[in-house]
Amino acid sequence: MITQFLSNTKQYKDFMHIRWNIILSVIALVLLAWFYTLQPNDNELSQLIKSNTQPEYIGEKMSTSVFSPTGKKQYLATADKIEHYNEDRRTEFHQPLVYLFDIDDEKFGTQSWKLSAKKAKLTKNNMLYLDGNVIAETLLDNAKLQRVMTESAVVNLTTQDITSDTMVTIKGQNFSSTGLKLTGNLQQQIATLKEQVKTHYEINNK
């Protein structure tokens, strides 16, 4: 009888041991499942961790004005979308319009220009890189240099120097020219084509 009791006791302990193991396993599985639900997935992590290639801020239908050290407005830029990157302090524009104005010069007077393109990039050095259907158009009717059209151009917004390596069309008073390797200055109304230059003059018989 004692032997049977001991045997029953051992079986009971084994049963309880197995039972506790099952209970602890279930609890562990529940805790693991709960912990897993708290962990963000890769997509969520990528959204939380900002990459160096991501813009610091994005704005739509925005405009920004820049003033010279003397307090005069140097240019006004508007765009459908603006993205600013803090890493290299560049700003990218979608469908930009850039107005250059209030630049006084004793020799050349006050010049006004409108720059447009499909997209543009402004660097920390005030260099504007224009791409796609680039048009630089004077806002003065009597300007000698009236329009510059190309697919890619770089404009120094401080000096108003303009350069381009793509095919360029220049229109002025009674003439138009096409060619490559543009160098010039919008403020001084100077534009020079260095390669494959073709010029057409309009003769006014009046």
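# Chat about a predicted chain

User: What does the accessible surface of the chain come to?
Analyst: The accessible surface of this predicted model comes to about 14300 Å², and 54% of that belongs to carbon and sulfur atoms; the areas come from the Shrake-Rupley method with a 1.4 Å probe, and for residues only the protein chains shown count as cover. As the model is predicted, local features need pLDDT of at least 70 and side-chain atom pairs count only at pLDDT 80 or more, while totals for chains, interfaces and linings use all residues. Residues are numbered from 1 along each chain as its sequence is written, and side-chain values use heavy atoms, with hydrogens and water left out.

User: How many helices and strands are in the chain?
Analyst: The chain has two helices and twelve strands, taken as DSSP runs numbered from the N terminus (helices are H or I with at least four residues, strands are E with at least two).

User: And which residues of the largest nonpolar core touch the most other members?
Analyst: Val98, Leu100, Leu115, Leu128, Leu130 and Leu157 do, out of 27 residues in that core. Strands E2 (73-85), E4 (97-103), E5 (111-116), E6 (119-122), E7 (127-138), E8 (145-156) and E10 (168-172) each supply at least two residues of this core. A nonpolar core here is a set of buried Ala, Val, Leu, Ile, Met, Phe, Trp, Tyr and Cys residues joined through side-chain atoms within 4.5 Å, where buried means under 20% relative accessible area, exposed over 50% and partly exposed in between (1.4 Å probe, protein chains only).

User: What is Leu157 in contact with?
Analyst: Leaving aside neighbours within four places in sequence, Leu157 is in contact (heavy atoms within 4.5 Å) with Gln74, Tyr75, Val98, Leu100, Leu115, Leu122, Asn126 and Leu128.

User: Switching to Ser112, is that residue buried or exposed?
Analyst: Ser112, which is found in strand E5, is buried, with a relative accessible area of 14%. Not counting residues up to four places away in sequence, Ser112 touches Leu100, Phe101, Glu137, Thr138, Leu139 and Leu140.

User: Where is Gln189 found?
Analyst: Gln189 sits in the loop between strand E11 (175-185) and strand E12 (190-201), and Gln189 is buried at a relative accessible area of 17%. A polar atom of the Gln189 side chain lies 3.4 Å from the backbone nitrogen of Leu145.

User: Why does Trp34 count as exposed?
Analyst: Trp34, in helix H1 (residues 2-38), counts as exposed because its relative accessibility is 54%.

How values were computed. Polar contact = N/O pair within 3.5 Å; in protein donor to acceptor, adjacent residues only side chain to side chain.
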